[in-house]
Amino acid sequence: MKIHTYESKKGKLWLRIRRNWGLYLLLAPALLLLLCFSYRPMYGVIIAFKEFKPAKGILGSAWADPWYKYFLKYFNSYQFGSTIKNTLTITLYSLLTFPVPVLLALAVNQMRVGWYRKFFQTVSYMPHFISTVVMVGLIILLLSPGSGLIGSICGLLGIEAPNLMGMAGAFKHLYVWTDVWQHAGWDSIIYIAALAGVDPTLYEAATVDGATDLQKIWHVDIPMLIPTAVILLIMRMGGLMSLGFEKVYLMQNSLNQISSEVIATYVYKIGIVNTQYSYSTAINLFTTVVNFIFLILANQISKRLSENSLW
Amino acid sequence: MANKTAAKKVKRSGADKLFETVLYLISFVLLVIVLYPLYFVVIASFSDPSAVSGGQVWLWPKGFTLDGYQEILKHAEIWTGYRNTIIYTIAGTAVGMLVNICAAYSLSRKDMVGRKFLMLLFIFTMFFNGGTVPTFLTIQDFHLYNTWTVMIVPFSVSVYNIIVARTFFETTIPEDITDAARIDGCGNLYYFAKIVLPLSKAILAVIGLWTAVGLWNSYFNGLIYLRDADKYPLQLILRNILIANNMEMSFGSGEAMQVARRLANLMRYAVIIVSTAPIMCCYPFVQKYFNQGVMIGAVKG
């Protein structure tokens, strides 16, 4: 039937490549951009081991002495402990909120009134489309004790409004729960999709056995969602040390800086603002490697404990 | 859907009814938690700022005013930012679609030599990257710093979008058609343009919308790679208005300062509306495409 496969297996490699030249042409732009703007910077990582001077270029700059000088500098610096602690606190805290989208999906799946279900989904996805800048602007506005919503609510309750944005201790809670507010609905889509794939006969069998709705959720729905949840968790393990720059940087101010300075914001300030290129790159490289190890570990553990793994 | 009709036929127990009531109650509370802050921003943007800070605005605007919006008109940089963002979004979406969809198609073809290796090359960048400074230096080496191009071309490859589109092509374009076209002597490019693309409108919509929303909302590239304010995207201007100036404003007292601060806050509410309205208005109409995209991605995440 498939004449060409038979033919191409026998044919020479070059012939097979030449016959599909069009496909390589289609791939070329993406590949070129990838080489220039993803792989070229990876080569640039060697400046972490050099005394990089922009005028001398990457190759022309002298090697650092010892080669791990900038790594040592970071490990011995005051910021080493605090940036790592802040980064891990926030990422692990957000990791703990992973059941929220699962619960939302289970709830949506139970809604039997069609229009309400649709309305609920539309509303819960909406905040996802607010940009980070506007989101943080919104947080600051609504939480400003003098003029925001929080001032009004506290006034109603007759208590003094706290200045949450200025409290270092409140930073992680604010960061994580505003994130849940913004993205939990959107993150639930993938679970809703998984639930849509449940075999209806399972529910019917459970009904015949006299199971209540809650029991159906526990014994039918949740086992369905575990593989998806595990895969998503493994992916997030690979980002433990790379808390996104954008939102933290915007939420940061001089009052909450002790608990809001994370690795990404520190790397930006050291590298782009203070132009200590080699030092900043060394910190970056260190976190990337740690992330990679976490990812592999998480994947290995999950492979042992269950059937789910990324590769 | 069958389970719903089946469930209706069987008489529901008392526990189930209680459960359902609790479910609707909780979901209603959640709706309020999500919607009220958004609604509050809308009414606050039309209200007398002293009524807002005095805690008198709850359900309707108090002391209706358009001062906030008028204030925006005075800020020329907002409109420059708006124009720049529209340019970046349109051009960036076009480039992103071209680059990612084409790459995704060729990587979806099983008869392409080296496909596995090439795919690995793409996926590797999801977990490993050069980092902020080496990327910045690369952009400088290519003389792209502070240019329009930097906002459109260099970071247009999205491995995630490629994976989603590739999965779509693999699952929806039957190999038989590909084989038939091959036997008829139809070239790959012609086949891609005339047959594959028309069959893939859904995925084109998804990737296009994702890319456009991402570009509209991003500020990181502008912050790092642009120097001139007249090239700033809207989000970077918004950052100055909503966040950077906020801290300076909260210190100092006096009557004039109070008034200025209130007007600034009123404008902030209005700015949020003006910048977010385009996306929020389009969103309900294109929502189904977004959902589809996530589901396609979920098949083979």
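**Notes on the predicted model**

1. B:Asn146 sits in the loop between α7 and α8 of chain B. The model is a predicted one, and in it B:Asn146 has a positive phi of about 60° although it is not a glycine. Most residues other than glycine have a negative phi.

2. B:His143 belongs to the loop between α7 (132–141) and α8 (159–172) of chain B. Its phi is also positive, at about 55°, and B:His143 is not a glycine. Is B:His143 buried or exposed? B:His143 is exposed, since 10 other C-beta atoms lie within 10 Å and the limit for that class is 12 or fewer.

3. Chain A has a backbone feature to check as well. The peptide bond that joins A:Asp65 and A:Pro66 is cis, with omega about -10°. Most peptide bonds are trans. A:Pro66 lies in the loop between α4 (57–60) and α5 of chain A.

4. Helix α5 of chain A covers residues 69–76 and contains A:Lys73. A:Lys73 has 16 other C-beta atoms within 10 Å and is therefore partly exposed, as this falls between the limits of 12 and 20. A:Lys73 and A:Leu142 are 69 residues apart along the chain, and their C-alpha atoms are separated by 41 Å.

5. Helix α2 of chain B runs over residues 14–45 and includes B:Thr21. The helix has 32 residues and reaches 47 Å from its first C-alpha to its last, close to the 46 Å expected at 1.5 Å a residue. What bend does α2(B) show, and where? α2(B) bends by about 35° at B:Leu35, and the proline B:Pro37 follows within four residues.

6. The buried residues of α2(B) are B:Val34, B:Phe40, B:Val41, B:Ala44 and B:Ser45. B:Thr21, by contrast, counts as exposed because 10 C-beta neighbours lie inside 10 Å, within the limit of 12.

7. Helix α11 of chain A (residues 171–187) can be checked in a similar way. At 1.5 Å a residue its 17 residues should span 24 Å, and the end C-alpha atoms are 23 Å apart, which agrees. A kink of about 40° is present in α11(A), centred on A:Trp181. Buried residues in α11(A) are A:Phe171, A:Tyr175, A:Thr178, A:Gln182, A:Ala184, A:Gly185 and A:Asp187.

8. A:Ala105 is part of helix α7 (residues 99–110) of chain A. With 25 C-beta neighbours inside 10 Å, A:Ala105 counts as buried because the threshold is 20 or more. Which residues does A:Ala105 touch, not counting residues up to four places away in sequence? They are A:Ser188, A:Tyr191, A:Ile192 and A:Leu195. A:Thr132 is 27 residues from A:Ala105 in sequence and 24 Å away in space, C-alpha to C-alpha.

9. The largest nonpolar core has 125 residues, and among these B:Ala103 and B:Ala165 touch the most other members. Helix α9 (residues 132–143) of chain A supplies the largest share of this core, 10 residues. The core draws at least three residues from each of domain 1 (3–47) and domain 2 (69–305) of chain A. The C-alpha centres of these two domains lie 37 Å apart.

10. B:Ala103 makes contacts in both chains: leaving aside its neighbours within four places in sequence, B:Ala103 is in contact with A:Leu26, A:Leu27, A:Ala30 and B:Ile162.

11. How many residues of chain B are in contact with chain A? There are 87, and they meet 82 residues of chain A. On the chain B side, helix α14 (residues 255–299) gives the most, with 15 residues. The residues on that side of chain B divide into 53 nonpolar, 26 polar and 8 charged.

Terms used: Residues numbered from 1 in each chain as written. Chains lettered and ligands numbered in written order. Predicted model: local features only at pLDDT ≥ 70, side-chain atom pairs only at ≥ 80, totals over all residues. Domains from an automatic or database assignment. Contact = placed C-beta atoms within 7 Å. Helix = DSSP H or I, 4+ residues; strand = E, 2+ residues; numbered from the N terminus. Nonpolar A, V, L, I, M, F, W, Y, C, P; charged D, E, K, R; others polar. Expected span 1.5 Å × (residues − 1). Bend = angle between axes of the 7 residues up to and from the residue. Core = buried A, V, L, I, M, F, W, Y, C linked by C-beta atoms within 7 Å.
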